[in-house]
Amino acid sequence: MKLLLDSTRCQGYGLCQEPAPELIDLDEWGYAQIRATDVPPGDEEAAEAAVAACPNAALRLVK
């Protein structure tokens, strides 16, 4: 499973990082940055929660 970010859609709300801090960092302005594209085993639920938390659909999962 891969976690992908469309940085042009990210508005810097930072809501995605709360459920998945091990997968997503925020830059100094609050914009998302993916730590690693491949989601490690056991972090699938956190990745799904991060995608659901984004109000601008900037994140998506590819299986």
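The model is predicted, so local features need pLDDT of at least 70 and side-chain atom pairs count only at pLDDT 80 or more, while totals for chains, interfaces and linings use all residues. Residues are numbered from 1 along each chain as its sequence is written, and side-chain values use heavy atoms, with hydrogens and water left out.

**The cavity**

- The whole structure holds one cavity of 30 Å³ or more (a set of points on a 1 Å grid over the protein atoms alone where a 1.4 Å probe fits but cannot get out).
- The largest cavity contains about 100 Å³ of space, a volume being the space filled by probe spheres set on the grid points, which are joined across faces, edges and corners.
- Its lining has 17 residues, and Cys10, Tyr13, Gly14, Cys16 and Cys54 lie nearest the centre; lining residues have an atom within 4 Å of a point.
- Twelve residues of this lining are nonpolar, five are polar and none is charged (Ala, Val, Leu, Ile, Met, Phe, Trp, Tyr, Cys and Pro count as nonpolar, Asp, Glu, Lys and Arg as charged, and the others, Gly among them, as polar).

**The nonpolar core**

- The largest nonpolar core has 14 residues, and Leu3, Cys16, Leu23, Ile24, Ala50 and Leu59 touch the most other members (a core is a set of buried Ala, Val, Leu, Ile, Met, Phe, Trp, Tyr and Cys residues joined through side-chain atoms within 4.5 Å).
- Helix 1 (residues 44-53) gives this core its largest share, three residues; helices are DSSP runs of H or I with at least four residues, and strands are runs of E with at least two, numbered from the N terminus.
- Beyond its neighbours within four places in sequence, Leu59 is in contact (heavy atoms within 4.5 Å) with residues including Leu3, Cys16, Ile24, Ala50 and Cys54.

**Helix 1**

- Ala46, Ala47 and Ala50 are buried in helix 1 (under 20% relative accessible area, with exposed over 50% and partly exposed in between, for a 1.4 Å probe and protein chains only).
- These three lie on the same side of helix 1, because they cover an arc of only 100 degrees around the axis, taken from the directions from the helix axis to the C-beta atoms.
- Strand 2 (24-26) and strand 4 (59-62) are included in what covers the buried residues.
- Exposed Glu45 and Ala52 sit on the face turned away from the buried side.

**Two alanines**

- Ala46 has a relative accessible area of 14%, so Ala46 is buried.
- Ala57, in the loop between helix 1 and strand 4, is partly exposed at 44% relative accessibility.

How values were computed: On a 1 Å grid over the protein atoms alone, a cavity is a set of points where a 1.4 Å probe fits but cannot get out, and a pocket is an open set with protein on both sides within 12 Å along at least five of seven lines; lining residues have an atom within 4 Å of a point.
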